[in-house]
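Have the 3D view open as you read.

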Amino acid sequence: EHIGELLSRRALPPSSTGCRRLFGRRRFRMATVGGTLATAGDVSREAAEARVIDRRRRMEMERRDRIFNAKQRTIGVDKEAIDRQIMEKNAWTEMERRRENAFADRLLVTEQRVQLMDRDVQRARRETAMSVQAYREQMQGQHMRREWDLNDPNTLRKDRPARLGDYDPMTGPASLQKLAGEDLDYGNRTRKQQQQQAMWVVEQMSEKQAQLSNEQEMERLAGERQAEIDERRAMMEEEEIAARNTVNGAVRDYNIALAEAKKERETNVRQQEMEDGIEEIHNQYTSDFLTENHGTTVSSIAPHRYLKYHFKGLSQGQINSIREEQMRQASDKAESQMNERDEERNWDLVQEAVRRNLVAGEREVMRRRQELARQTAEEQRRQAEEAKHRKEVLYKQVYGGAIDNSFFDQFGQSSR
């Protein structure tokens with residue numbers, strides 16, 4: 001507490017009047033013992049412990065008297081206050097629960113809308129992926145690749161036969177595959193070629209038509225999904241705009257009401273100020289001060305005195321005497337200020353000396369506090385060893401036997 005007081009006093013400005021008063025009071029508060037500052041460590045520890053023990057014993061006796069006296073003991077609590085607190089807590093809990101439920105409902109509606117939109121987007125993505133996969137299966141098969149002839153497992157079955165026709169350049173006379181005037185497969189070859197060409201044309205037409213149909217269907221589905229999403233977005237925006245318009249309308253009505261009330265108050269204030277101004281002007285016109293009534297400037301009690309509210313001016317002699325008095329007061333004030341600066345300088349010197357003494361005192365207090373902490377630590381270690389020894393004696397020697405009647409006789413003798 002003493003150190004805190006010293007630090008708080010050091011925080012004051014050097015030239016303040018409060019600092020001088022505080023340092024003046026400090027002369028009476030600072031006590032010395034043998035030329036040094038007195039601390040709590042100089043007080044006898046035994047006397048302090050005796051006072052603490054006596055105070056605790058007295059409090060224990062008063063507590064026993066209160067507890068064991070059935071007439072003075074009070075039992076129960078303020079049930080009305082507790083019930084009122086419970087009602088307030090329940091009301092607050094109910095309000096919080098309704099607020100949380102409102103937020104949860106709003107969040108649930110928003111989550112449902114987001115889930116619906118996400119579901120639509122996922123469905124559109126699945127349909128797009130399915131159409132792409134179908135196109136790949138139809139138009140990008142393995143047999144349509146450029147390197148399929150290298151990876152075809154039926155390459156040998158599709159290999160060139162020994163004889164393709166009558167005019168095969170690979171079949172010479174030595175191959176014995178061609179005889180003069182022989183053309184065995186001309187009709188089948190031409191018929192198959194025509195059928196194959198017709199089939200290719202039909203397949204190409206059907207594939208092109210299917211591709212156009214798929215593209216149109218995808219565009220239609222995408223348009224429907226986009227239109228549905230736009231419709232839902234527009235509906236949500238309309239709801240938000242309607243709610244915002246409602247809030248803005250309420251705020252606008254409230255602001256209009258406030259503006260009208262303010263306008264009415266300002267009108268009343270202006271009317272009252274106008275009436276007060278007219279009355280003031282009339283009073284000034286009819287007053288003796290503006291009508292220059294010299295008879296009202298002299299006091300009726302003393303002729304040499306003037307009435308302040310009817311004063312019309314001073315003579316030149318009075319003005320000269322006032323100026324001389326002002327010059328004398330200015331010189332006195334300059335001299336007073338010089339004296340005050342000298343006094344402030346002296347107080348600064350005194351404050352510096354006091355500060356140095358306080359620093360020395362603080363160092364002495366810190367040294368004694370460290371010494372007291374060391375002594376306290378040693379005393380605590382000694383008390384711990386004594387407590388350990390007492391505990392060993394109690395549990396091994398005193399309380400080593402069975403429980404006797406002395407154990408039960410101690411009940412009812414204390415309030416603890």
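Start at Glu239, which counts as partly exposed because its relative accessibility is 36%. Keep in mind that this is a predicted model. Glu239 forms a salt bridge with Arg113, with the closest N and O atoms 2.8 Å apart. That pair links distant parts of the chain: Arg113 sits in helix H4 and Glu239 in helix H6, 126 residues apart. Arg113 is partly exposed too, at a relative accessible area of 21%.

Now look along H6 itself. Helix H6 runs over residues 186-285, and its 100 residues reach 141 Å from first C-alpha to last, close to the 148 Å expected at 1.5 Å a residue. Leu221, Arg225, Ile229 and Gly249 are buried in H6, and what covers the buried residues of this helix includes H4. Setting aside neighbours within four places in sequence, Asp120 is in contact with Glu228 and Arg232.

Next, hop to helix H7. Arg345 and Asp342 meet there in a salt bridge, 2.9 Å from N to O; they are about one helical turn apart because three residues separate them in H7. Arg374 and Glu371 form another salt bridge, with the closest N and O atoms 2.1 Å apart, and they too are three residues apart in H7.

The structure holds 28 salt bridges. Some join up: Arg45, Glu49, Glu379, Arg382, Glu386 and Arg390 are linked in a network.

Methods:
Residues are numbered from 1 along each chain as its sequence is written. This is a predicted model: local features need pLDDT of at least 70, side-chain atom pairs count only at pLDDT 80 or more; totals for chains, interfaces and linings use all residues. Side-chain values use heavy atoms; hydrogens and water are left out. Contact means heavy atoms within 4.5 Å. Helices (H or I, at least four residues) and strands (E, at least two) are DSSP runs, numbered from the N terminus. The expected span of a helix is 1.5 Å times one less than its number of residues. Buried means under 20% relative accessible area, exposed over 50%, partly exposed in between (1.4 Å probe, protein chains only). A salt bridge is a side-chain nitrogen of Lys or Arg within 4 Å of a carboxyl oxygen of Asp or Glu.
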